[in-house]
Amino acid sequence: MGKRDNRVAYMNPIAMARSRGPIQSSGPTIQDYLNRPRPTWEEVKEQLEKKKKGSKALAEFEEKMNENWKKELEKHREKLLSGSESSSKKRQRKKKEKKKSGRYSSSSSSSSDSSSSSSGSEDEDKKQGKRKKKKKNRSHKSSESSISETESDSKDSLKKKKKSKDATEKEKEKTKKKKKHKKHSKKKKKKAASSSPDSP
């Protein structure tokens, strides 16, 4: 059996297009795009100015809002100013009343102050004398307490030294007893060793 020939002839696409002839293109071409109508520079400036200005209705609305806001602010300021003026007047009245009452009270208090000043000076002298006595007593007590503390500390140190001495002496007696006991046991062993050969 022979093999089948699957080869296909090569076709040049450019040659095929030329043989078909010119193609009718549907839609605008590049030349149509380049030849489109364009606005002049003056028309472009006019459009930009219109955009900057914006609409007249919006500008009028903003002006009205600003005027209303200014009126409200003025009313609020007037209220605050009137309130502050009334409060300042009240304060001035109170100050005047205080000054009047102070004048009447000063004349009556001047006589009482002269009598009270003499008695007050005597009381202060007495208080100062009492304070000095209290300070002396406190200093004396503090010195006595410091002396008693030092004496108690010295006594405690002596007691501790005595206890330590007693403890060392007791340990020495114990060691002596142990040594004596060892010597006595050694002597007994020697006697037992010397007596053992004589017995038979």
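1. Start with helix α1, residues 13-20. This helix is hardly covered: among its eight residues, the count of buried ones is zero. Keep in mind that the model is predicted.

2. Just after the helix comes G21, with a positive phi of about 100°.

3. Now the whole chain. How many helices and strands does the protein have? There are four helices and zero strands. From the N terminus on, the order of elements reads α-α-α-α.

4. What share of the protein's 200 residues counts as buried? The figure is 0%. The accessible surface of the protein comes to about 21200 Å². Carbon and sulfur atoms account for 54% of that surface.

5. Next, helix α2, which spans residues 30-34 and includes I30. I30, Y33 and L34 make a nonpolar surface patch. The patch covers about 370 Å². Is I30 buried or exposed? I30 counts as exposed because its relative accessibility is 67%, and the cut-off for exposed is over 50%.

6. Move on to helix α3, residues 41-53, where E42 lies. On the surface, E42 gathers with E43, E46 and E49 in a patch of negative charge. E42 has a relative accessibility of 63%, so this residue counts as exposed.

7. Helix α4 runs over residues 56-195, and R93 has its place there. R93 also belongs to a positive surface patch. Which residues form this patch? They are K89, K90, R91, R93, K94, K95, K96, K98, K99 and K100. With a relative accessible area of 59%, R93 is exposed.

8. To recap the surface, take one patch at a time. I30 is part of a nonpolar patch. E42 is part of a negative one. R93 is part of a positive one. As you turn the model, find I30 in α2, then E42 in α3, then R93 in α4.

How values were computed:
Residues are numbered from 1 along each chain as its sequence is written. This is a predicted model: local features need pLDDT of at least 70, side-chain atom pairs count only at pLDDT 80 or more; totals for chains, interfaces and linings use all residues. Side-chain values use heavy atoms; hydrogens and water are left out. Buried means under 20% relative accessible area, exposed over 50%, partly exposed in between (1.4 Å probe, protein chains only). Helices (H or I, at least four residues) and strands (E, at least two) are DSSP runs, numbered from the N terminus. Patches are made of residues with over 30% relative accessible area and no salt bridge: like charges are joined within 9 Å, nonpolar side chains (Val, Leu, Ile, Met, Phe, Trp, Tyr) within 5 Å. Accessible areas come from the Shrake-Rupley method with a 1.4 Å probe; for residues, only the protein chains shown count as cover. A salt bridge is a side-chain nitrogen of Lys or Arg within 4 Å of a carboxyl oxygen of Asp or Glu. Lys and Arg count as positive and Asp and Glu as negative; His and the chain ends are not counted. The place of a charge is taken as NZ of Lys, CZ of Arg, CG of Asp or CD of Glu.
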